[in-house]
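Let's take a walk through a protein model together, starting with a loop and ending with some helices. Keep the picture open while you read.

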Amino acid sequence: MLTDDTKEELILVDEQDSLIAPAAKLETHRRGDLHRAFSIFLFNPAGETLLQQRAAVKYHSRRKWANTCCGHPRPGEDIGAAAARRLTEELGLSADLSFAFKARYRAELDNNMIENEIVYVFRGLALAPPIPNPSEVSTVRFAGLEALRDDLSRNPWNYAAWLQHYIRQHFDEIVACRNDLAQSAS
């Protein structure tokens, strides 16, 4: 099922992540208003993270590689519940997600869109094979974090702006997520 981006609402926030108001998703991204978001990094038992290549029909960052899943909570929706919902919608997965860290970034994207987000980053284990929703995801693959960082530095145009930010600014925190999950799984 394709999400109707023209009907989705986001949560506008201030720099302290306090609620301002709900707002239309496309207009928020056109204006570059600060809003709340989430991002998920799932890892397999080998410590590789699940990446998705965004579908060709997405309204920005088409065909770019991104981390496991990203999205926005709806007004009144718990952010952890929103992350679990989107993981199911995009990849047909459920996972035990736990909060890892917060990130703040702004990026100008293609199609005259601007991401300006306070992001709650979640982590979890991928214990089943993903079943990508073709209207959201073209394909998936697992990658080691170090190999991902190296490829991203050589070929940044292949990757979504937010994944570039996470790898460049939060690499140690993502490695810690991987290591903590590996330790708890053993």
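Start at the loop between strand S1 (9-13) and strand S2 (19-24), where you'll find Asp17. Keep in mind that this is a predicted model. Asp17 has a phi near 70°, which is a positive value in a residue other than glycine. Is Asp17 buried or exposed? Its relative accessibility is 9%, and the cut-off for buried is under 20%, so Asp17 counts as buried.

Now hop over to another loop, the one between S7 and S8, where Asn112 sits. Asn112 also has a positive phi, near 60°, and it is likewise a residue other than glycine. Here, though, the relative accessibility is 71%, and exposed means over 50%, so Asn112 counts as exposed.

While you're here, have a look at the strands on either side. Strand S7 covers residues 98-108 and strand S8 covers residues 114-125, and the two pair in the antiparallel sense over 10 bridges. As an example of who faces whom, Ala107 stands opposite Glu115 in S8. The hairpin of S7 and S8 has 5 residues between the strands, and one of its residues, Asn111, takes a positive phi near 60°.

You'll find His35 in strand S3, which spans residues 35-43. With a relative accessible area of 0%, His35 is buried.

Time for the helices. Two packed helices are described by the angle between their axes and the distance between the axes. Take helix H3 (residues 145-154) and helix H4 (residues 161-169): their axes come within 10 Å and cross at roughly 120°. That crossing is left-handed. On the H3 side, Leu148, Arg149 and Leu152 meet Leu163, Gln164, Ile167 and Arg168 in H4. Sorted by class, this contact has 4 nonpolar, 1 polar and 2 charged residues.

H4 also packs with helix H5 (residues 171-185), at an angle of about 85° and with the axes 5 Å apart. Angles from 65 to 115 degrees count as roughly perpendicular, so that is how H4 and H5 are arranged. The contact is made by Tyr166, Ile167 and Gln169 of H4 and by Phe171, Glu173 and Ile174 of H5. These residues divide into 4 nonpolar, 1 polar and 1 charged.

Key:
Residues numbered from 1 in each chain as written. Predicted model: local features only at pLDDT ≥ 70, side-chain atom pairs only at ≥ 80, totals over all residues. Heavy atoms only, no water. Helix = DSSP H or I, 4+ residues; strand = E, 2+ residues; numbered from the N terminus. Buried < 20%, exposed > 50% of the residue type's maximum accessible area, 1.4 Å probe, protein only. Axes fitted to C-alpha atoms, helices over the stretch in contact; angles between N-to-C directions. Left-handed = near helix turned anticlockwise from the far one by under 90°. Contact = heavy atoms within 4.5 Å. Nonpolar A, V, L, I, M, F, W, Y, C, P; charged D, E, K, R; others polar. Pairing = 2+ DSSP bridges. Parallel < 35°, antiparallel > 145°, perpendicular 65-115°, else oblique.
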